[in-house]
Amino acid sequence: MAQIGYGEANGKVILIGEHAVTFGQPAIAIPFTTGKVNVTIQSLNAGDTSYINSDVFEGTLQTAPEHIKSVISRFIDKYHIEEPINVKFETNLPPSRGLGSSAAMAIAFVRASYDYIGEPLSDELLIEEANWAEQIAHGKPSGIDTQTIVSNKPVWFHQGKVTTLKPLSINGYMVVIDTGVQGSTKQAVEDVHQLCDHNEQYMQYIEHIGTLVYDANEAIEHHDFTQLAHVFERAQENLRKLTVSHDNIEALLEISKLQGATAGKLTGGGRGGSMIVLAQNLDIAEKIATSAEKFGAHHTWIENLGG
C-alpha cells in the first residue's frame, strides 16, 4: 500500500515595507488566502524513479530545477527515505509575482513531508525548514513570507522578530493585480543592496519606507482608509526611486485611478510581479479589476479590508 503525505499553505501580500525590510526596517504583511498550494507525496514501487509533477516542471527528480531538487533531496537524505517518491504540487498561486509562492510551496512541502513520515511538526521547526528552502530560491530572503504564511495572520516583521497584529478592519477594498510580468525577487533585492552600498541617497529612500510602515500601522489601528492610501502613494514613490517599479505597474496605476482607485503600489520584489490598489467600495474595486485585465493583467483578486 502506498505511503502518502499531504500539506497545504496559502500565499501572502506585503502591505508595506518591501525591500526596506532586508535592511532591518519593519514591514507589515497579510495572508493571501485565495492563493493556495497543495502538495502530495506518494511512495512509488521499488525500481521506479522519483518524479515531480508541477505547473513549472514535470519530470524526474534528478532533472528538476535546482531549488526543487535541493529541497526534495534534502528531505530524502535527512529522513532516509529509501523508496522512490512522487511529489505533486498543485496551486492557483502564480510564481514570481511577489505573492509568496515559493514560501507557500516550501511550507506545503514541509507539512507534506512530516505528514509522510508521521512526525509532529511545530511552527518553529516548520519556519526553520521552510526558510532553508527560501534561501535556495531567494538568496537573502527577509523571512517575512514564511512567518506570515505559517501564522496565517497579519504580522509586523522587524529584524527577524514577528508580532501578530489584529485583523484588518478598514472600510474599503484592496485589488490584488498580477501584472503578468515575471519579476525576480532575488535579483531585485541584490540590485537594491548594490545601489545602497554605493550611494547614500538610496538609503534615505529605504529609511523613508521604514517610517511609512509605522504610519501604516497607525492607519490600521485607527481604521483610517485615507491615511493608508497616503502611505501607499508615498511608498510607491520611494520604490520607484529604488528602481523596482515597472512600466506595467505604472500604467496599471494610472488605469486604476481612472476607474476611481484611491492609491496603489507594487507588492513584493517588484519589476513586474504584483501590485495592490485601494478602492473605497466594491463597485470601484470591480471596475479596477476589469480594466486591469483588459490591459493585460493575468489575474486580479478583490480583498475586503475587513471594515
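## Burial and overall size

A residue is called buried when its relative accessible area is under 20%, and in this predicted model buried residues make up 53% of the 307 residues in the protein. The radius of gyration of the protein is 20 Å, which agrees with the value near 19 Å that a compact globule of 307 residues would have. Taken along the principal axes, the box filled by the C-alpha atoms of the protein is roughly 60 × 45 × 35 Å.

## Secondary structure and contacts

The protein contains nine helices and 11 strands. When contacts between residues at least 6 apart in sequence are considered, 74% of them join residues at least 24 apart.

## Helix α1

Helix α1 covers residues 66-78, a run of 13 residues, and the distance from its first C-alpha to its last is 18 Å, close to the 18 Å expected at 1.5 Å a residue. After α1 comes His80, a residue whose phi is positive, near 50°.

## Surface and charge

The protein exposes about 13,400 Å², and carbon and sulfur atoms supply 46% of that area. As for charge, the protein carries 21 positive and 37 negative side chains, and the centres of these two sets lie 4 Å apart.

Note on methods:
Residues numbered from 1 in each chain as written. Predicted model: local features only at pLDDT ≥ 70, side-chain atom pairs only at ≥ 80, totals over all residues. Heavy atoms only, no water. Helix = DSSP H or I, 4+ residues; strand = E, 2+ residues; numbered from the N terminus. Expected span 1.5 Å × (residues − 1). Rg over C-alpha atoms; globule rule 2.2 N^0.38 Å. Buried < 20%, exposed > 50% of the residue type's maximum accessible area, 1.4 Å probe, protein only. Contact = heavy atoms within 4.5 Å. Areas by Shrake-Rupley, 256 points an atom, 1.4 Å probe, with all protein chains shown as cover. Lys, Arg positive; Asp, Glu negative; His and termini not counted. Charge placed at Lys NZ, Arg CZ, Asp CG, Glu CD.
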